[in-house]
Amino acid sequence: SEGAEESDALVELLDLIQPWNSQVDPAEIWDHVMNHDSKLSWLEPSTLEKALEAAHAGEWRLCAYLAARCFKDWKERLGSREAAVKMGQVDQRCHRTLWLAVADVVLVDIPPGQERLRVLLDHESEPRWIATDQLESDIVPGNGRVVVRMGKGTPVVGQLVQKEFQCLSCSWTSPPSAMRCGHCGHKREDHSRHGWAERFNPGETIELSQLLWQKRLRSAPSVSPKRALDVESRRSTWSAPWSATNELSRSSGRSSSSGPKKSIRCLHLSEEERLRLHQLLVDNCLEQAQDDREDSFGTTSISHVSGTWYHVLAYPLFGDVTKALVRPAARCWAPSQKEKATSFTQRRGETLLAECAKACQWSLVEVLLRHGVPLPDLHREFEKVCGNSEATRRLWRKDWLHAIGPSGPTPLLELAAAEDAAILGKLLNALESRIKGPGVECCQLPDLVGGPGGKPEALILRAAEVRRWGVVAVLLSSRLPVAAGQFLSSPAAVYCPKGLVLQAEAKELKERFTTAVSRLSADAKTTAAGQLAEYFHRRHISTVLDASSADGFESKGLWLCHEDIEVWNELHQLGCETGAEAVVVFLLLSSNECSLLTSAPSAVKTLNLQGKDAALAPSKAGGWLPIFCPRNFLKAADASETGKTFEPFQCLPTCRPVASRHVRFQVQTCCCGASLEDFEFCLGTSCVHESKGTETGKDVEVRLGHHRLSAPSLGIASRMIDVTPVKEESAVAEGDGDSDVDSEEKAWRKDGGLIEVLISPGFLFFYVIQVEATDYLMLTGKLQNIPEEAQDFVGKVFFEEAVVHIRSRFEPFVLPALEASNGDEARTGCQDVLRNMVITNSDGQPVDLSHAAVEYLEREEDPCKVNLLRSAAPLRLGPLPKTLQRRRPGRRKEKIDRRRSGGSTSGSAGGGRSKASTTPGASGGGSGRRGYSPWTTW
């Protein structure tokens, strides 16, 4: 039976990968291989290179099979994490192709004496410039030692040193280690590299025509040496102004007129030689390799290379100061090189995930992301073609952007957003699913929050610029950081619907809090002890004290236990309350102290903490006490068991508990006074707490002080609350004074708890969704309930005393009859208002409510429909009437419209006039593939 099952699975796999079965999703093939472990013997061994070759050929079903087999084999041998890393490996064949077709490297033959090195001789205190023809041997790789011949004396040993940094603004000379000018303070420029050569330093830009100091002498064999010297002296004006070889030669006792000098030559390299040099450059072995001598490179032909400006990649080559590896700068690239760079960026990816994204295979991209394959940064793709050093990478990227455009390549998530907002939502869900715990809120992706220097720009800003509010809604509903603060401060936020602005405000508060947590817990490790330190850090900087247990630890009374480690689960501080310089320090307690805390928890205030063994994370078995204190309280000590001791100064060595008070938050609707069961609120400037409470509200523990309370997603304005210490007399009086308060609330107030009630205006949202080619009008009370494939509803809603205009599915509206209700007057129920409303589309045609919608609004069991629409599924009101046919504009107006839109004025083949599309979706959806600006302006 097992053999029959394997045979059936193999037959099913063969049917899935057949070329004629074009309707099969590649993700189905991946799932089939992972579930049934099917294997095609004639395609073994399955490698990532084969999968990339299938992707280049457009065989995506075969690519999905090969990629799944590779991932499954690596997962069985190495584990899921290592398998995902291997799936994100860079395809070196792409780099080699660009190295040959675009980089077009050149091997330069520098005659001896045409370059100078900065050398510090052993018997001197100051370095000097030494010409290369004074070196007795090649440079020793690694230590930079050279042997210099000084005139007719004994050779001297010296050490290569870096040249001084000269500011490009004020020409001030600074030490080699300085990163800023000592005179004007300007930052060191990218093209001003440090090195010990005068010109040929990796990362420098040189002009080879300036290095041809003297032209070749066309002297016949019969010309005497004296005549040659006269010709050379008459042509001395051709020397470069920065050449000092003659002066060095005269100072060393050697004549500079011993004969005509050779000019710098450019040696052509074969394809095999360039590939060998590329591999050595990537491996950083151009200076260390001694077996492959430079004599085997560039001996086929010697000629002049077109172009004058070059970037230095490596010097010296294999320790030989007469050889340097350079490449042309972007200003000297041929049109074929620029075209190759542009087409390669659009159609090829250096990883399998990038290749799938550029070919719009989003289902396969989602599968790879869900299995942990790293998200590639397409904006910095191919930047390691010319080596791994920072200098060469920066120059290569600069030339790359010069060829393809200053905006750079399009990031992967922006390509997905330009295709469809629903695709972006699936990719974000895949990214969230592979990150466990609160770490997903601290994951900074360059595609979402922007890269260094604003390149690439945050995706939410790009979407807001072209009014793609559906994409903005998807980003704001994600748990990943999306730079909501930048969005709120951008000019595009002025045109954003109100519902998205309120959601962005709540998102910005969450990101501010998670940023502070990630900054303070940067030293947290992946172990349970490291996660425990992050857990206490998060609680100490929060306004709301979350009492949930840490990951990997089990709560036993007031202790958190993991194996033989016990940690006291209460917050204490010493010397500070909060701040970036404060850390959580764990103090090792004795067995007697642990027993005392277990029997009398208040005895923690009497413990003397001076000189106790301390650590940033529990490192050994025993009881530990966490203290939030300045970092300088932790001192190194060799006699300590943990290597550090706790030494507080300018304060008593006793801990102080964090004072707090229980507060109950309730949110009620302004129409019926019903309590919301699902809500979120923000308390404090750095703390956001999301909850799913009950009808009585959410009970939390809040530290004492003045805090700002707001609920932006509910449209509730912020206000300040004062959490003061509880007093027994006031608590009893407050609990017994009001007779209308129920018994549970009386008990809560009697125990010292506070109650804060927030009044929500009750937002409602209209949107349109298509079901079986029919457009239906939907109504919901929560923005997150709007699906990604929904469309905007444009129309009016008529009430008895007001008319509400609806223009966007993200624009909330409040029932107008409820806005004027006073607290002293009787509330107007939302059920009566919704029964009598009349909805019309943009043409004024009324929308007939379905029988189910009428029953929904007439139901008496749920009087507050605003609360019900927020917690329950969206309500389908009824089908939308078809839009009336518009009269075609006149011929003159049509010509003017086509001229303004940049379209062609030619008619159809029959001489008729072309009809412009008026569907918003036709112009609003982005194209799928490959453009540097995939967004289509609405």
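**Values against cut-offs**

Tutor: Leaving out residues up to four places away in sequence, N841 touches F793, V794, G795 and P881, where a contact means heavy atoms within 4.5 Å. This is a predicted model, so local features need pLDDT of at least 70 and side-chain atom pairs count only at pLDDT 80 or more, while totals for chains, interfaces and linings use all residues. Residues are numbered from 1 along each chain as its sequence is written, and side-chain values use heavy atoms, with hydrogens and water left out.

Student: Why is N841 called buried?
Tutor: Buried means under 20% relative accessible area, exposed means over 50%, and partly exposed is in between (1.4 Å probe, protein chains only). N841 has 8% relative accessibility, so N841 counts as buried.

Student: Where does N841 lie, and what does its side chain reach?
Tutor: N841 belongs to strand β34 (residues 838-841); strands (E, at least two residues) and helices (H or I, at least four) are DSSP runs numbered from the N terminus. Its side chain reaches the backbone nitrogen of Q845 at 2.8 Å.

Student: What makes S46 buried?
Tutor: Its relative accessible area is 12%, so S46 is buried. S46 is found in the loop between α2 (26-36) and α3 (48-56), and touches Y65, L66, R69 and C70, again not counting residues up to four places away in sequence.

Student: What makes the S46 and E44 side chains a polar contact?
Tutor: The rule asks for a pair of N or O atoms within 3.5 Å; within protein, one must be able to donate a hydrogen and the other to accept it, and residues adjacent in sequence count only if both atoms are side-chain atoms. The side chains of S46 and E44 make such a contact at 3.2 Å.

Student: Why is the W559 and W568 pair called edge-to-face?
Tutor: The ring centres of W559 and W568 are 5.0 Å apart and the planes are at 75°, so the pair is edge-to-face. Both W559 and W568 are buried.

Student: What makes F665 and F681 stacked?
Tutor: Their ring centres are 4.6 Å apart with planes at 25°, so that pair is stacked. The pair links distant parts of the chain: F665 is in strand β23 (residues 660-669) and F681 in strand β24 (residues 679-683), 16 residues apart. Both F665 and F681 are buried.

Student: What makes R876 sit over the ring of Y776?
Tutor: CZ of Arg or NZ of Lys must be within 6 Å of the ring centre and within 35 degrees of the ring normal. The charged end of R876 sits over the Y776 ring, 4.5 Å from its centre. K865 lies over the face of Y856, at 5.4 Å from the ring centre.

How values were computed:
Phe/Tyr/Trp six-rings, centres within 6.5 Å; stacked < 30°, edge-to-face > 60°.
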